[in-house]
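Please take a moment with the sequence and the 3D view before reading on. The paragraphs below walk through the fold step by step.

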Amino acid sequence: MVSINLSAQADYKLWLQYAKVQNTKWTTEYQSKIKGIFALGNSETIQAATKELQLGLSGLLDTKITVQQNIEDENILILGSKSSLNEETLKNLKNELNQINDEGYIIKTISIKNRKKMIIAGKTDIGVLYGVYNFLRLLQTNKSIENLKIVDAPKINIRILNHWDNLNGTVERGYAGSSLWNWQKLPDFIDQRYIDYARANASIGINGTVLNNVNANALILTPQYLEKVEALAKVFRPYGIKVYLTARFSAPIEIGKLKTADPYDANVKNWWKEKAKEIYKRIPDFGGFLVKANSEGQPGPQNYNRNHVDGANMLADAVAPFGGIVMWRAFVYSEHDVNDRAKQAYSEFVPYDGQFRNNVIVQVKNGAIDFQPREPFHPIFGAMPKTPLMMEFQITQEYLGFSTHLVYLPKLYQEVLESDTFSKGKGSTVAKVIDGSLNNHKITGIAGVANIGSDINWTGHPFAQANWYGFGRLAWDPYLDSETIAEDWLRMTFSNDENFVNPVKEMMLQSREAVVNYMTPLGLHHIMDTGHHYGPGPWVSNLSRPEWNPIYYHKADKNGIGFDRSKTGSNATAQYAPEIAKLFDDVKTCPEKDLLWFHHLPWDYKLKNGQPLWNGIALKYQEGVDEVASMQTTWNRMGNYVDETRFKEVQMLLNIQHKEAKWWRDACLLYFQQFSGKELPKGVEKPTQTLEYFESLKFPFAPGNN
Ligand code: GCV
């Protein structure tokens, strides 16, 4: 039988489903309080806000909500910003307006001439748009709108996606199809996706996007492409999203016909100044540049015996007259440095603290290696108080099962944000570093490497949408709880039924620990197969650079396993504040989740639960597999709450995840067993394949590795 696939559309709508409210209690309340919309002002942003509100309300309430002409009516929803609100209303909102910044919003029930109305207000129109999305969220998640008084504003200024999209349409580490940007059809063809992308981002407060890969191509800075970038910027502007580009450091040579890109060269400086002028002429609100320099083969100032400060400041001077910024990445490690890779970024950057221009922000990955299922927080966060530091999280799942594994990443983000750097005593959390409150910085930022592509459902896995969503929510407020975010997302995306929300939320919350367990338990890291990073490859040892080989990271031998980063080893622990260094240094106080990150321990080392290390590792791998099995059990009971297509998609993906979790367990345990020489403990399933079989598997066309 042929059936019409309506749920493909459901996938596309992300968390902006606006499905009819099922519970009549809420429908009654909402319908009685919302009789129409009255919008003050006529900017494109106010128009977008009004349209979204109409779209959302007509879906949620299953009735047409009109834009009123008469503000006097009762139960009208008023939208307006400071410039358009009348004096009486401004007086009414004075206290709240004083509490918010330019992007904040107020949702308040007020009385005008004894008539109750709700007002969604901001200092600016963009604040109103954010307010609208949050108002809709109240209804989407079945919250009361009785006597509302919500005052909310983002805690971080730059909340940005980094697209690792190439000009040829491929996406580095992208697992959701190809790039969203159709460079060939731009600037004249504006895909509806661009608008829906902007809506989705605005709905969670994301206000910036870097369109192209940090492994950059200079062509993006030529007039031919800038015209296309300008077209995208125009689409995103009403939604408060600024466009940024990556700047290839050697662009003056490649597209500027200069002989050098030396930041001390007057012609080079001038070339960048002129380039900035040209960009701002087209895009007056252009955000600035993101730069990966002298990292993994990318050109940079060190090619000319200059340093990161020289490079970043030159670009910063070029964009400063226009209010632009430079996000300079600290993701560096050198093929000439034999030192522990985890120490290198800190060693290179910390001496520059305080030397960058004030429109430079240094972008630091959450951990010192590279987006592993679990890493201790990056020591740089506690060590550059005079420099604004922004967080770089990865939303795309390069090391976490691509778009096949269900892993709820806000759990990981929260763990990092809550980590205490102790840089100014207890309570100096990473969140306080990046929101600027700890060290008093004005520019603050957080970036997420996007997991978005051309797939109908945007992210490849329906649940990977939650990672995009959760990133945005935490970017707005890095103190939010990942559990609250998961619950909101589930209610908005699928259903408000408690019998669905509660178990599936538990499943999401458990999923991050599950992936740690079946891939890299107890502090193991970077033992994925190399290049594409798909599947296990702890045996890989033949790559030219030592730190590209998994054996560099696990250091398993007959004496034990783990990377000694304590003071008896690489002393990476010394890069943390003394309180933390001490904790990590001592094997007795080091959290077990980070044990093998910091210590090389004998196979019979006794864990806290009394098990010898070998048994502990094996049991963790098994636990990971079992957790995926329990996720399957949970999901299999959810058929009644979800449309058939999404239900089946997730079911099939969980089946693959289970299969791959077993693959990870068996391959890693067989490999490590060669060194431990011990039997698998009771409770761990016996592998059905040999180590040789696992080692023979090759994936030349694994996605994302272009
Ligand atoms: C964009 C890792 C990834 C690379 C990525 C790099 C980076 O090494 O594997 O694909 O390059 O990080 O963040 O620059």
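This is a predicted model: local features need pLDDT of at least 70, side-chain atom pairs count only at pLDDT 80 or more; totals for chains, interfaces and linings use all residues.

Residues are numbered from 1 along each chain as its sequence is written, and side-chain values use heavy atoms, with hydrogens and water left out.

Eight strands form a closed barrel in the order S6-S7-S8-S9-S10-S11-S12-S13, and their pairing is parallel; from one strand to the next, the twist averages 25 degrees. Helices (H or I, at least four residues) and strands (E, at least two) are DSSP runs numbered from the N terminus, and two strands pair if DSSP finds at least two bridges between them.

An open sheet is built from five strands in the order S1-S2-S4-S3-S5, with mixed pairing. Strand S1 (36–39) and strand S5 (149–152) are at its edges and have a single partner strand each, so one side of each lacks a neighbour in the sheet. Strand S2 (residues 76–81) and strand S4 (residues 115–122) are joined by five bridges in the parallel sense, with Leu 77 opposite Met 118 in S4.

The ligand has 15 residues around it, of which Glu 172, Lys 292, Arg 329, Lys 365 and Glu 398 come nearest; a residue is near a molecule if one of its heavy atoms lies within 4 Å of it. For polar contacts (pairs of N or O atoms within 3.5 Å), a polar side-chain atom of Glu 398 is 2.5 Å from an oxygen atom of the ligand. The protein buries 96% of the 340 Å² that the ligand exposes when taken alone, the areas coming from the Shrake-Rupley method with a 1.4 Å probe. An N or O atom in the side chain of Asp 370 lies 3.1 Å from a ligand oxygen atom, and for Asn 215 the distance from a polar side-chain atom to an oxygen atom of the ligand is 3.3 Å.

Two backbone details remain. Most residues other than glycine have a negative phi, and most peptide bonds are trans. The peptide bond from Leu 186 to Pro 187, however, is cis, with omega near 5 degrees, and Pro 187 lies in the loop between strand S6 (158–162) and helix H7 (192–203). Lys 257, which is not a glycine, has a positive phi of about 60 degrees and is found in the loop between helix H9 (251–254) and helix H10 (266–282).

How values were computed
Axes are lines fitted to C-alpha atoms, for helices over the stretch in contact, and angles run from 0 to 180 degrees between N-to-C directions. A polar contact is a pair of N or O atoms within 3.5 Å; within protein, one must be able to donate a hydrogen and the other to accept it, and residues adjacent in sequence count only if both atoms are side-chain atoms.
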